[in-house]
Amino acid sequence: MPLNDVPWTRPVTIRLQCGLERTFTGVYDALDFLENEWPLRNGERHERAVKNCRGAINGVVPAVLAREAFIAACLEAGMPAVMLPWKARPNRHPMRPQRTASL
């Protein structure tokens, strides 16, 4: 991971146009993909995603906005996000023992 990367709290998995899936864990990965491997160069959402990712790396834009802009750009280019099931957090408080009635 590059030193200037801004990790996302939840990775984004995209289904590429060739059918493969690729997971992005932070802003730097997404920006590299947007600038070097993007299939469309003139999309409005692509430009917004590049701007937001650069802003997030520079600390001006929240990472969550860059993440959402990246997902929107992928949808615009025909690469949908793959929705993975959310892993529930483990219960931090153990269940209370059941009380039994005293007779």
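Reader: Let me start with a side chain I clicked on. Is Trp 38 buried or exposed?
Author: Trp 38 is buried, because its relative accessible area is 5% and the cut-off for buried is under 20%. Keep in mind that this is a predicted model.

Reader: Ok. Which residue does Trp 38 form an aromatic pair with?
Author: With Phe 33. The two rings sit edge-to-face, 5.6 Å centre to centre, with 85 degrees between the planes.

Reader: And Phe 33, buried or exposed?
Author: Buried, with a relative accessible area of 3%.

Reader: How many aromatic pairs are there?
Author: The count comes to five aromatic pairs. One of them is Phe 24 with Phe 70, edge-to-face at 4.9 Å centre to centre and 70 degrees between the planes.

Reader: Where do Phe 24 and Phe 70 sit in the chain?
Author: Phe 24 is in strand 2, residues 21-26, while Phe 70 is in helix 3, residues 63-76. They are 46 residues apart, so the pair links distant parts of the chain.

Reader: What's the relative accessibility of Phe 70?
Author: It's 0% for Phe 70, which therefore counts as buried. Phe 24 is buried too, with a relative accessible area of 1%.

Reader: Which residues form the aromatic cluster?
Author: Trp 8, Phe 24, Phe 33, Trp 38 and Phe 70 form one cluster.

Reader: Let's zoom out. How many helices and strands does the chain have?
Author: Three helices and two strands. Going along the sequence, the pattern reads β-β-α-α-α.

Reader: How much of the chain is buried?
Author: Buried residues make up 33% of the 103 residues.

Reader: Now the helices. At what angle do helix 1 and helix 3 pack?
Author: At about 35 degrees, with their axes 10 Å apart. Helix 1 covers residues 27-36, and its crossing with helix 3 is left-handed.

Reader: Which residues meet there, between helix 1 and helix 3?
Author: On the helix 1 side you have Val 27, Ala 30, Phe 33 and Leu 34. They meet Ala 63, Ala 66, Phe 70 and Ala 73 in helix 3. By class, that contact has eight nonpolar residues, with no polar and no charged ones.

Reader: Last one, about the strands. Where is Thr 13, and what does its side chain touch?
Author: Thr 13 is in strand 1, residues 7-15. A polar contact of 3.0 Å joins its side chain to that of Thr 23. At 6% relative accessibility, Thr 13 counts as buried.

Note on methods
Residues are numbered from 1 along each chain as its sequence is written. This is a predicted model: local features need pLDDT of at least 70, side-chain atom pairs count only at pLDDT 80 or more; totals for chains, interfaces and linings use all residues. Side-chain values use heavy atoms; hydrogens and water are left out. Rings of Phe, Tyr and Trp (its six-membered ring) pair if their centres lie within 6.5 Å; planes under 30 degrees apart count as stacked, over 60 as edge-to-face and the rest as tilted. Helices (H or I, at least four residues) and strands (E, at least two) are DSSP runs, numbered from the N terminus. Buried means under 20% relative accessible area, exposed over 50%, partly exposed in between (1.4 Å probe, protein chains only). A polar contact is a pair of N or O atoms within 3.5 Å; within protein, one must be able to donate a hydrogen and the other to accept it, and residues adjacent in sequence count only if both atoms are side-chain atoms. Axes are lines fitted to C-alpha atoms, for helices over the stretch in contact, and angles run from 0 to 180 degrees between N-to-C directions. A crossing is left-handed if the near helix is turned anticlockwise from the far one by less than a right angle, and right-handed if clockwise. Contact means heavy atoms within 4.5 Å. Ala, Val, Leu, Ile, Met, Phe, Trp, Tyr, Cys and Pro count as nonpolar, Asp, Glu, Lys and Arg as charged, and the others, Gly among them, as polar.
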